[in-house]
Amino acid sequence: MAITVSNLTKLYGEEKAIDDISFEVKSGEILGFLGPNGAGKTTTMKIITCYMPPSSGSVTVDNLNISDHSLAVRKKIGYLPELNPLYLDMNVVEYLDYAAHLHGMEKSRINHQLKEMIEVCGLHDVRHKDIGELSKGFRQRVGLAQAMIHDPDVLILDEPTSGLDPNQIIEIRNLIRHLGRAKTVILSTHILPEVQATCDRVVIINEGKIVADGTPNQLQQDFQGSELLTIELKASSSNPMEDLFPKIKSHHEVLSAEYQPIGNEMHRFTVKLNQGNDIREKIFRQAVAEGWVILEMHRRVTSLEEVFHKLTMTPADDDGEKSPSVN
Amino acid sequence: MTSNLKNVKPIFLKELRSYFNSAVAYVVIVVFLVIVGWFFTSDLFLMNIASLRMMFEIIPAVFLFVIPAITMRLLSEEKKSGTIELLTTKPLTDVEIIAGKFLAAWALVGIALLPTLLYYITIASLGNIDNGPVIGGYLGLLLMAGVYVAIGLFASSLTENQVVAFILGFVFVFALYMLDKILFYLPGWLASIVEFLGIDYHLSNIARGVIDTRDIIYFLSALLFSLYVSVLSLQRRNW
């Protein structure tokens with residue numbers, strides 16, 4: 001059940017919320033839709049779910065155009081809107097039953113799906129409670145159960161873990177992983193570890209434009225360029241710049257290196273390497289051969305966090321950092 | 001704009017249930033019984049008039065504030081809480097959504113009117129009653145309620161604030177109710193048009209027991225027009 005988004009643009013008045021974006025989600029894929037707040041994630045999702053039409057461009061779900069086959073498309077989609085709106089005065093079963101009826105499901109299928117969703121989402125103990133009485137974690141499960149009550153092929157989840165505590169986040173993530181196995185999923189977030197933990201592929205969007213598209217690993221590699229290795233040694237040397245430094249630098253992978261004395265017979269080297277070149281083992285053997293003692297050695301790879309920051313940094317953010325903080 | 005009764009039903013049932021789950025339904029029913037009962041009994045005992053005329057005159061005034069109160073949350077609350085996004089991304093047309101909500105609120109008014117039949121039974125057991133005006137009266141009240149509910153629903157679609165929805169709804173229905181009471185100030189040629197637009201004029205026609213197609217057409221077209229603009233208002237998100 002593939003989704004194709006092509007040249008999608010949405011204008012709010014003069015302002016472009018999203019600007020000519022195109023991407024594809026393959027059947028069975030979990031796509032992470034990443035971007036800072038206000039980047040256009042929610043707008044894109046609202047268009048795909050037929051909540052509002054695009055200003056231009058088109059979306060197809062399973063080869064059905066959303067503007068021509070709106071009702072057919074909506075049947076295939078399960079949607080968890082941003083902030084997970086719910087009818088707080090209904091109890092869990094009533095609400096799921098209502099959602100199922102709105103999808104025009106048959107009575108027997110509703111009963112089956114209702115049981116299944118309550119089971120899978122762990123709602124058994126709260127099924128007769130009013131949604132308004134539930135904790136945020138449970139509400140999120142109710143939202144997910146609602147989105148999946150009709151066993152849709154496509155799941156669209158707008159910030160499914162926002163506002164949850166770390167344990168709940170892990171629970172919900174596992175749930176999405178578990179439920180998303182046989183489905184095409186688009187989930188939006190501004191939390192990076194989420195993408196690494198749950199998604200097969202990432203689309204990063206900023207100011208209405210797509211700035212990166214690939215698997216989490218791919219993005220990491222594309223944008224890291226280099227990695228840094230920090231080595232701290234203990235070695236007796238009267239002139240470390242001439243004794244030690246050239247030896248460390250002699251490895252052919254090394255792009256550049258810096259030296260810094262850090263105390264009596266202790267030396268720190270910071271070595272820049274091409275990505276994917278791990279020389280820690282070589283350094284270890286070298287140290288053994290030379291009689292150095294390794295005090296510390298660690299390798300730093302650009303994280304997806306940094307990729308994201310690099311891609312979505314706007315001049316406004318820089319100003320924000322310079323301005324004095326309040327109290 | 002198509003609609004399928006199968007899709008209207010769950011919305012209708014959900015809204016009606018939520019009236020009875022909250023206090024709204026009971027408050028409405030009690031308000032009706034108390035106000036109507038007051039005028040009915042004061043007629044009966046103080047003036048020795050055994051008639052339903054007073055009841056049919058007072059209920060339209062009660063409708064003026066009760067119906068906007070019934071309809072105020074129908075769409076505004078969904079907009080405020082964001083559930084409108086859930087509802088409008090389900091495989092339903094906007095017409096079905098509006099129809100379900102309209103029918104639920106209308107049904108509640110119908111249910112609230114039922115206990116007033118007690119007064120009819122009382123009168124009927126006291127003496128002979130002309131059934132024509134009673135049937136006409138109830139039919140007129142139901143049609144009038146339909147128009148008010150549709151207008152109230154439209155008011156609710158305009159805002160996410162329930163209080164604003166109530167006030168707007170009240171102003172709209174009050175204007176419609178007052179139209180044929182300001183004729184005095186209007187030039188003759190305009191007066192007959194305004195009179196025809198006023199809802200009370202048509203209600204009093206029907207309440208006399210004369211069921212005229214012109215009045216029925218008036219009520220139905222006012223009702224459908226209000227529902228139509230409600231649908232348009234719901235579709236505003238598309239613009």
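An axis here is a line fitted to C-alpha atoms, and the angle between two axes, taken between their N-to-C directions, runs from 0 to 180 degrees. With that in hand, we can walk through this predicted model, starting with a pair of helices in chain B.

How do helix H6 and helix H12 of chain B cross? H6(B) covers residues 94-113 and H12(B) covers residues 213-234; their axes come within 9 Å and cross at roughly 125 degrees. Angles from 65 to 115 degrees count as roughly perpendicular and those over 145 as roughly antiparallel, so H6(B) is oblique to H12(B). The crossing of H6(B) over H12(B) is right-handed. On the H6(B) side, the contact is made by B:Asp94, B:Val95, B:Ile97, B:Ile98 and B:Phe102. H12(B) answers with B:Leu227, B:Ser230, B:Val231 and B:Leu234. Sorted by class, the residues of this contact are seven nonpolar, one polar and one charged.

Next, let us see where the two chains meet. Chain A gives 20 residues to the contact and chain B gives 19. Which elements of chain A give two or more residues to the side that touches chain B? They are helix H2 (70-76) and helix H3 (92-102) of chain A. This side of chain A has 13 nonpolar residues, along with four polar and three charged ones.

Now turn to the sheets of chain A. One of them is an open sheet of six strands with mixed pairing, in the order S6-S7-S8-S3-S9-S10. Its edge strands are S6(A), residues 77-80, and S10(A), residues 209-214, and each of them pairs on one side only. Ignoring direction, neighbouring strands in this sheet are turned by 15 degrees against each other on average.

Look at the S6(A) end of this sheet. S6(A) runs parallel to strand S7 (residues 154-158) of chain A, and four bridges join them. Here you can find A:Leu80 opposite A:Leu157 of S7(A). Lying across S6 and S7 of chain A is helix H5 (residues 136-148), which runs at about 160 degrees to S6(A).

At the S10(A) end, the pairing has the antiparallel sense: strand S9 (residues 201-206) of chain A and S10(A) share five bridges. A:Asn206 stands opposite A:Lys209 in S10(A). The hairpin of S9(A) and S10(A) has two residues between the strands, and in this hairpin A:Glu207 takes a positive phi near 45 degrees.

Chain A also holds an open sheet of four strands, with antiparallel pairing and the order S2-S1-S4-S5. At its edges are S2(A), residues 15-25, and S5(A), residues 64-65, each pairing on one side only. Seven bridges connect strand S1 (residues 3-12) of chain A with S2(A) in the antiparallel sense, and A:Thr4 stands opposite A:Glu24 in S2(A). Helix H1 (residues 41-48) of chain A packs on this sheet, where H1(A) touches S1, S2 and strand S4 (56-61) of chain A. The direction of H1(A) makes about 115 degrees with that of S1(A).

Finally, how confident is the prediction for chain A? Chain A averages a pLDDT of 84, and 92% of the residues score at least 70. Among the elements of chain A, H3(A) has the highest mean pLDDT, 94, while helix H13 (residues 315-322) has the lowest, 41. Across residues 315-327 of chain A the pLDDT is below 50, and this stretch has zero contacts in the model beyond near neighbours in sequence.

Methods
Residues are numbered from 1 along each chain as its sequence is written. Chains are lettered from A and ligands numbered from 1 in the order in which they are written. This is a predicted model: local features need pLDDT of at least 70, side-chain atom pairs count only at pLDDT 80 or more; totals for chains, interfaces and linings use all residues. Angles under 35 degrees count as roughly parallel, over 145 as roughly antiparallel, 65 to 115 as roughly perpendicular and the rest as oblique. A crossing is left-handed if the near helix is turned anticlockwise from the far one by less than a right angle, and right-handed if clockwise. Two residues are in contact if their C-beta atoms, placed from the backbone, lie within 7 Å. Ala, Val, Leu, Ile, Met, Phe, Trp, Tyr, Cys and Pro count as nonpolar, Asp, Glu, Lys and Arg as charged, and the others, Gly among them, as polar. pLDDT is the predictor's confidence in each residue, from 0 to 100. Two strands pair if DSSP finds at least two bridges between them.
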